[in-house]
Amino acid sequence: MMQPQIVLLKEGTDTSQGKPQLISNINACQSVVEAVQTTLGPRGMDKLIVDNNGKTTISNDGATIMKLLDIVHPAAKTLVDIAKSQDVEVGDGTTSVVLLAGEFLKQIKPFVEEGVHPRVIIRSVRRSLQLCLEKINELAVKISKSNAVEFRSLLEKCAATALSSKLIHQQKEFFSKMVVDAVLLLDDLLPLNMIGIKKVQGGALEDSQLVAGVAFKKTFSYAGFEMQPKTYKNCKIALLNIELELKAERDNAEIRIDNVSEYQKIVDAEWNILYNKLAKIHESGAQVVLSKLPIGDVATQYFADRDMFCAGRVQEDDLRRTMKACGGAVLSTVHDLNDKVLGRCAEFEECQIGGERYNIFKGCPNAKTCTMILRGGAEQFLEETERSLHDAIMIVRRTIKNDAIVAGGGAIEMELSRMLRDHSRTIAGKEQLLIGAIAKALEIIPRQLCDNAGFDATNILNKLRQKHAQGNCWYGVDINNEDISDNFVACIWEPAIVKVNALTAACEATCLILSVDETIKNQKSGDAPPPGRGMGRPMM
């Protein structure tokens with residue numbers, strides 16, 4: 001008797017399972033790694049990516065490239081996620097985390113092909129991660145915050161290490177000082193949104209400056225603003241969400257009047273409403289008026305006559321930062337304007353930076369805030385500078401919060417690799433080979449640093465293995481002299497949290513991809529088969 005055919009999934013559903021499926025997922029991850037591996041390190045290359053709107057981005061930041069690649073393969077998306085999480089959590093090490101996850105999978109692939117059960121592999125990966133984290137905690141050098149000068153120089157070195165692989169590595173001394181100044185200007189919570197970054201095209205990178213306060217680009221102004229004062233000392237600031245201009249009514253309203261004086265009353269009423277608002281603002285004692293909505297020409301002239309400064313159409317984030325820094329509140333009516341809701345700052349000025357005019361508030365009493373004004377040639381270059389500085393700011397914040405550092409330049413990875421290799425020889429069974437494979441995978445970081453700089457990777461790795469076997473745990477790649485060096489002495493330092501996060505995320509991604517043994521892809525709704533020819537339907 002024949003068994004009836006069982007149809008479980010919709011027609012057109014694609015299923016693949018077993019070992020070939022796992023191998024195909026690993027191969028997809030390899031392709032993603034190939035896209036970003038050349039961007040690692042000080043000699044890494046940049047990628048030029050054009051999105052579907054024709055906008056070009058030049059970057060060597062792993063997370064930015066991964067976001068813009070628009071990857072559709074479901075397993076390879078895991079690598080995009082770990083790059084994003086590394087960017088959000090630590091800020092730097094995004095390329096490293098993708099490289100490590102890809103290399104773990106590459107070294108494990110032969111074992112999968114030979115039929116080792118994925119669960120055995122996952123157990124070994126987790127065991128290796130545990131050993132690595134213990135070793136990092138043991139090796140990491142704690143830094144004392146008691147000596148402010150030493151602590152500051154350490155933060156600058158960490159920022160310089162983060163910037164050394166970026167497009168602006170030539171100016172890393174200049175920018176690392178600026179980044180440390182910016183972070184140290186903040187309060188203890190180190191909120192990232194209190195550092196504003198503004199870009200002004202033109203000038204050299206060294207013309208970039210740090211303003212200890214709030215700065216934003218001058219908004220569109222009506223006639224009369226030239227007569228307003230451009231500097232104040234100890235001024236009061238009114239922050240509004242009110243339109244201060246006469247509007248042409250767009251709604252259809254019908255008013256029947258039988259003489260001109262009635263019409264004049266309507267016009268006067270409109271003017272009086274506006275003048276009442278302006279009088280209340282003036283009476284409140286505010287000298288600087290900022291509004292999210294437009295401030296018209298009448299209001300601009302009115303404020304100019306009374307030696308007040310005004311700016312309309314201020315962007316919301318700039319207004320919020322001014323409120324947090326100078327105190328006060330953003331009001332949507334002028335009736336509650338009093339001394340309590342006004343912000344204050346020690347100094348306000350409007351000055352020319354490049355081709356733009358900027359409004360700058362200094363000496364803000366409430367929150368500590370700062371603004372970086374970046375200068376440079378091309379727009380893409382300025383955007384990449386902003387991304388690079390974001391990474392450096394995150395690293396400095398992390399170093400302040402987690403005060404442990406390790407040497408960069410592949411030194412810590414080589415030491416972990418040596419430790420795992422030694423440990424694997426003390427275990428019997430399959431785990432010995434698997435932990436040995438992960439030890440080999442960790443060497444991808446120094447190997448890729450050498451490849452990207454055009455060095456002989458095999459020669460340098462052999463020298464490094466020798467040094468680490470002799471107990472010199474901080475030896476890494478010396479990019480400048482095509483050799484190896486003690487990177488701790490050379491001040492190539494990174495927060496230990498960067499390495500901890502990268503290894504944890506890479507191992508989690510590896511375990512996740514290994515634990516998938518079947519992919520079921522439902523048919524897209526747009527790909528439905530064409531309908532059959534029903535009754536009365538004409539031939540196509």
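I began with the lining of the largest pocket: helix H6 gives the largest share, five residues. The model I am reading is predicted.

**Largest pocket**

I looked up the volume next. The largest pocket holds about 840 Å³ of space. Its lining counts 43 residues, and those closest to the centre are Pro-42, Thr-161, Ser-164, Ser-165 and Ile-492. I then listed the elements that give two or more residues to this lining: helices H4 (94–113), H6 (148–163), H7 (172–184) and H14 (444–453), plus strand S16 (475–478). I sorted the lining by class and got 20 polar, twelve charged and eleven nonpolar residues.

Where does the largest pocket lie relative to domain 1 and domain 2? Domain 1 (14–142 + 407–521) and domain 2 (144–209 + 371–402) both give residues to the lining, so the pocket lies between them.

**Nonpolar core**

I turned to the largest nonpolar core. It has 118 residues. Leu-79, Leu-100, Phe-104, Ile-121, Met-372, Leu-420 and Leu-503 have the most contacts inside it. Helix H16 (residues 496–514) supplies the largest share of this core, eleven residues. Domain 1 and domain 2 each contribute at least three residues to the core.

**Cavities**

The largest cavity holds about 60 Å³. I noted its lining as Phe-220, Ser-221, Tyr-222, Pro-294, Ile-295, Thr-300, Cys-310, Ala-311, Gly-312 and Arg-313. By class that is six nonpolar, three polar and one charged.

The second largest cavity also comes out at about 60 Å³. Gly-93, Ser-96, Leu-100, Ile-412, Glu-413, Val-498, Lys-499, Ala-502 and Leu-503 line it. Leu-100 and Leu-503 are on my core list too, among the residues with the most contacts there. Helix H16 gives this lining its largest share, four residues. H4, H12 (411–424) and H16 each supply at least two. The classes are five nonpolar, two polar and two charged.

**Cysteines**

I checked for disulfides across the whole structure and found zero. The cut-off is 2.5 Å. Cys-511 is in no disulfide either; its nearest cysteine sulfur, in Cys-507, is 6.4 Å away.

Is Cys-511 buried or exposed? I read a relative accessible area of 4% for Cys-511, so this residue is buried. Cys-491 has 25% relative accessibility and counts as partly exposed.

Notes. Residues are numbered from 1 along each chain as its sequence is written. This is a predicted model: local features need pLDDT of at least 70, side-chain atom pairs count only at pLDDT 80 or more; totals for chains, interfaces and linings use all residues. Side-chain values use heavy atoms; hydrogens and water are left out. Buried means under 20% relative accessible area, exposed over 50%, partly exposed in between (1.4 Å probe, protein chains only). On a 1 Å grid over the protein atoms alone, a cavity is a set of points where a 1.4 Å probe fits but cannot get out, and a pocket is an open set with protein on both sides within 12 Å along at least five of seven lines; lining residues have an atom within 4 Å of a point. Grid points are joined across faces, edges and corners, and a volume is the space filled by probe spheres set on the points. Ala, Val, Leu, Ile, Met, Phe, Trp, Tyr, Cys and Pro count as nonpolar, Asp, Glu, Lys and Arg as charged, and the others, Gly among them, as polar. Domain bounds come from an automatic or database domain assignment. A nonpolar core is a set of buried Ala, Val, Leu, Ile, Met, Phe, Trp, Tyr and Cys residues joined through side-chain atoms within 4.5 Å.
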